[in-house]
Amino acid sequence: MDFLPFTRPSLDEQTIAEVSDVLRSGWITSGPKVQAFEAQLATLMGGRVVRSLNSGTAALEIALRLIDIQPGDEVITTPLSWVATANVIVLAGATPVFVDIDPVTRNIDLDLIEAAITARTRAIIAVDLAGLPVDRDRLYAIANQHQLRVIEDAAQSFGASWGGRAIGSFGDLVAFSFHANKNITTGEGGCLVLPDASLTGLCEKLRLQGVVRLPDGSMEVDVAGGKFNLTDIAAAIGLGQLRHLDGFTARRRELARHYFAHFDRSLGCELPPENFTDSNWHMFQVVLPLERMGITRGEFIARMKAHNMGIGVHYPPIHLFQLYRNLGFGAGRFPHAERVGAGIATLPLFPAMSEADVERVCGACAEVLSEVVQ
Ligand SMILES: *Cc1c(COP(=O)(O)O)cnc(C)c1O
């Protein structure tokens, strides 16, 4: 049996040929492929302005600059995410304010946000963990009532929806990632959806050194931008991926259903919510019954590896990293995020998997856990 990783990108031969065409074209950095990619993204986002970037992290950093987050400002977010979500707040000189998760959805607990709002709170960064969207109606009701900006860290929820509307097609600032492990990839890359066209010029300046090109051929710089543009090589990959977006999402949902049909619920694991309408099933994650297991999560992962399959950890709670301990956070502050973060395990799920692969994972989990769970 081949090794089954927890994820693997699906790149077709046509895409590989189109990337080769770019490499032969004489123009490999941002150019016509980036423009075509952004046009297709804008269509998917209901006609909103979308600007491609070289990472999802860049999209979050630019979003924070577009809303002028300053030192002293507080930004509310979840402790259970990829560390990029909070690092960008620290990099902006602002203060991350974590709010514990809802242990069922594993996303930020919307019931706890209002208690965390102070006079310094400026924004909320909401994360759709594993592609399960945060309740957008409640999120925006809270934000509007307290006049807060929202940055949707939708790195994992490209192709997901809320109330029948695509994530990114509505709301405030929406950041996507096209990292190799995400549902749609450009190798590395990302994009930012803007709430209105008035921010387009500043977004483009922040993307590339602050440069504005003037009609007479000269240039001007009035803001210190970064270096965040996507290459045409990457955009060609993205265009090839978009052709499969609906197919990828549908396939992930089918495989997730298959997990629910075959995963032995008597093993004591907590399964994710059975959502087949909104979620894009970026990941299928279970929480291991650590307190009833005779082995650690690391040992569980090692035993699954002996069955020739890869298990991921997404994510260690952010507030327990040294950087965040140095900022005053520590164990005990966010008990749900700490418990879920300690026990969470990402099982293999990607579009090229077969039903038999899912059954193989379920069988291996049952074999490993039945030996060690009391
Ligand atoms: C992947 C990811 C990011 C960062 O995206 P990059 O493209 O790797 O910079 C940010 N937030 C979340 C929730 C992610 O999953």
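Q: Which residues point one way from E8, and which the other way?
A: Leu173, Ala175 and Ser177 point one way and Val174 and Phe176 the other, and all are buried. Buried means under 20% relative accessible area, exposed over 50%, partly exposed in between (1.4 Å probe, protein chains only). Strands (E, at least two residues) and helices (H or I, at least four) are DSSP runs numbered from the N terminus.
A: Mind that this is a predicted model: local features need pLDDT of at least 70, side-chain atom pairs count only at pLDDT 80 or more, and totals for chains, interfaces and linings use all residues. Residues are numbered from 1 along each chain as its sequence is written, and side-chain values use heavy atoms, leaving out hydrogens and water.
Q: OK. In which sense does E5 pair with E8?
A: Parallel, over three bridges. Pairing takes at least two DSSP bridges between two strands.
Q: And what is the bridge partner of Glu152 in E8?
A: That's Val174. Val174 also stands opposite Val193 in E9; E8 and E9 run antiparallel, joined by four bridges.
Q: Switching topic: where does Ser370 lie, and is it buried or exposed?
A: Ser370 lies in helix H13, residues 355–372. Ser370 is exposed, because its relative accessible area is 52%.
Q: Which backbone oxygens does the Ser370 side chain reach?
A: That of Ala366 at 2.7 Å and that of Glu367 at 3.2 Å. A polar contact is a pair of N or O atoms within 3.5 Å; within protein, one must be able to donate a hydrogen and the other to accept it, and residues adjacent in sequence count only if both atoms are side-chain atoms.
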